[in-house]
Amino acid sequence: MTRRHYISGISIVVAAGLLGAGALVVVGHSKVPPQAIASSVTRTPELIERAWRLPVAATFNRELTWQSNASRCGPAAVANAYRSLGEAASTESEVLAGTGWCWTGMCILGLTLDELADVARAKASRKITILRDLSEEQFREHLRRSNDPSQRYIVNFSRQQIFGAGVGHHSPIGGYLETEDLVFILDVNSDYKPWLVERTRLFAAVNTFDGEKKRGLLLIE
């Protein structure tokens, strides 16, 4: 979940002091009803099976480590992507260690795409590129490249555009079924789990603002 949409989607109570003194307490956050999740995306068993066999999705071994709380989808997405690439930082805690981010246990306002890029750069020597303000054709081309097992894409999108409710979110892309024009999202939230969505709908969800900047893709090479 990203910074400004996370804060708009939760209620918080701030008490005096930090951590043991009583810091930031999350008392609720935006939830999408299970029926809306089920009806908004594609989970046809035959298509999901084909998606898991895509070259990048296969490196995840049909396993994802779910985000530990509503604010940590970004670190969870990086951790899962790095695990699939054989990087040492393969858990949320390892990804965040020493970065100064989310030290309370919560990514208090969520992480923007730029902040998540900084976290990712701190934990591996790989090239990290932020891709935003893409045209629809540029977006399609990157989706084609998302089947290349030498790299990983993390997508930052608005759930509102796909599910009719919810806030900003980060998750890895498992690949692209080009014939069907469906994108495989390896959702790190255990309420959603992996799903397929039409490219045009995902583009609409990415082509939204998180504060003053557009959402986009994080490319790990």
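Guide: **The salt bridges of Asp-114**

Asp-114 forms a salt bridge with Lys-213, the closest N and O atoms lying 3.6 Å apart, where a salt bridge means a side-chain nitrogen of Lys or Arg within 4 Å of a carboxyl oxygen of Asp or Glu. This pair links distant parts of the chain, since Asp-114 sits in helix α7 while Lys-213 belongs to strand β9 (residues 213–214), 99 residues apart; helices (H or I, at least four residues) and strands (E, at least two) are DSSP runs, numbered from the N terminus. The model is a predicted one, in which local features need pLDDT of at least 70 and side-chain atom pairs count only at pLDDT 80 or more, whereas totals for chains, interfaces and linings use all residues. Residues are numbered from 1 along each chain as its sequence is written, and side-chain values use heavy atoms, with hydrogens and water left out.

Asp-114 also meets the side chain of Arg-132 in a salt bridge, at 3.0 Å from N to O. Here too distant parts of the chain are linked, with Asp-114 in helix α7 (residues 113–122) and Arg-132 in strand β3 (residues 128–132), 18 residues apart.

As for accessibility, Asp-114 counts as partly exposed at 23% relative accessibility, and Lys-213 is likewise partly exposed, at 43%; buried means under 20% relative accessible area, exposed over 50%, and partly exposed in between (1.4 Å probe, protein chains only). In the structure as a whole there are 19 salt bridges.
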